[in-house]
Amino acid sequence: LSFFGMCHGDSCLDTILGEKIKDTKISICGNYISDIPLLKEKEEHGTCNNVEMEVQKLVACELERRSKENEETARIAEDSKQKEIRASVATALREHKDEITKMVQLETERVESDNYEDIFISSEAASTYSSKDVPPIQNYSVNLRIDALNELSSLLNLTLKSKGLSLSALLLKAALLTIKDIPKSNSKWMGDYIRISKKVDVNIPVHGKDGSISIPVLKNASSKGLKEMVQTMQSFRKDGATNSLDEDDRNSGTFAFYDFGIFGSANTTYTPVLPKDQASLLIIGAPEQCKILSSDKKSTGSKINCTMVTVTLVCDGRILDVSSASKWLSIYKSCVENPTS
């Protein structure tokens with residue numbers, strides 16, 4: 001009779017322990033009671049009660065062992081369950097994080113797509129330009145009369161009771177208006193396509209007192225009014241003079257503007273450089289007093305005094321060709337010489 005093989009309930013245990021054990025072979029953990037020396041000896045002397053007590057002890061030990069085994073098995077099962085739960089939670093969090101990252105990326109791309117337009121170029125053109133170490137840089141110049149712009153500057157300062165509205169700010173504003181007509185002048189070369197920015201971020205070089213050159217960026221300049229633009233430019237010059245520009249102010253822009261007139265002839269030895277892969281840079285020369293023929297028909301052959309500047313549009317030939325550059329300067333000339341039209 002196998003005790004633990006039969007005992008799947010309390011009734012079995014009660015039955016066996018209530019019977020006389022003499023000449024009965026009960027196995028516990030594979031050992032028959034009659035084979036256990038102590039029990040065998042007692043059984044031979046007819047001490048059945050003692051045998052029953054020993055059996056009870058063995059049963060109790062076995063039950064305790066089985067209980068511990070069951071507890072350990074349950075603990076292992078619970079640990080395994082908890083590990084599975086933690087793994088499931090970690091997987092869910094990872095998937096949720098990936099989903100959020102993807103959503104953020106899509107939103108960023110959507111916002112960025114509202115800020116630029118990409119124009120893809122032919123593979124032949126891309127291959128031709130990529131084989132060259134230095135992009136083709138072209139300079140186009142034109143002389144402008146700035147008397148009307150000077151008068152407008154004085155009028156605005158008088159009206160606004162301010163002296164901060166400089167000629168330079170008006171020349172930059174005219175450039176921003178021109179960019180609206182020639183959007184490609186506010187773009188970058190991206191290798192196999194041209195990215196035209198809808199916001200105009202203008203790099204404006206400023207001189208430090210130690211002779212250093214800093215090139216901060218006037219962000220989203222086309223959305224700023226004249227007053228805000230002037231204040232930002234003045235701040236750049238002040239911080240640039242003491243080399244205290246923020247890193248955020250030194251980012252690359254989409255258009256570059258340099259006015260020699262602000263710094264005087266002492267700085268005309270500096271040669272502005274078109275930022276890498278940027279479409280264009282506008283250089284304003286120092287104003288000069290000149291005599292030109294009068295446009296008044298009644299004053300045939302007579303000359304008048306005027307203030308002139310030479311402006312140069314430096315272009316990346318991969319983006320702006322001679323036709324586009326000429327058109328740009330023509331529009332700019334009209335904006336400067338006829339600012340109220």
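How far is the sulfur of Cys306 from the closest cysteine sulfur? The distance is 5.5 Å, to the sulfur of Cys290, and this is too far for a bond. A disulfide is a covalent bond between the sulfur atoms of two cysteines. Here a disulfide is counted when a pair of cysteine sulfur atoms lies within 2.5 Å. By this rule the count is zero.

The model is predicted: local features need pLDDT of at least 70, side-chain atom pairs count only at pLDDT 80 or more, and totals for chains, interfaces and linings use all residues. Residues are numbered from 1 along each chain as its sequence is written, and side-chain values use heavy atoms, with hydrogens and water left out.

Buried means under 20% relative accessible area, exposed means over 50%, and partly exposed lies in between (1.4 Å probe, protein chains only). Cys306 is buried, at 1% relative accessibility. Cys335 is partly exposed, at 23%.

Attention now turns to the interior. In soluble globular proteins, nonpolar side chains tend to be buried together. A nonpolar core is a set of buried Ala, Val, Leu, Ile, Met, Phe, Trp, Tyr and Cys residues joined through side-chain atoms within 4.5 Å. The largest such core has 44 residues. Leu172, Val202, Phe255, Leu282, Trp328 and Tyr332 have the most contacts inside it. Helix H7 (residues 167–181) gives the largest share of this core, eight residues. Helices (H or I, at least four residues) and strands (E, at least two) are DSSP runs, numbered from the N terminus. Another core, of seven residues, lies apart from the largest one. Among its members are Ala256, Leu274, Ile283 and Val314.

Tyr332 shows what such contacts look like. Contact means heavy atoms within 4.5 Å. Leaving aside residues up to four places away in sequence, Tyr332 touches Leu144, Leu171, Ala174, Ala175, Thr178, Leu282, Ile284 and Val311.

Asn220 is not a glycine, yet its phi is positive, near 50 degrees. Asn220 sits in the loop between strand S10 (217–218) and helix H8 (226–241). Its relative accessible area is 24%, so Asn220 is partly exposed. Asp277, also not a glycine, has a positive phi of about 65 degrees. Asp277 lies in the loop between helix H9 (260–263) and strand S12 (280–284). At 23% relative accessible area, Asp277 is partly exposed.
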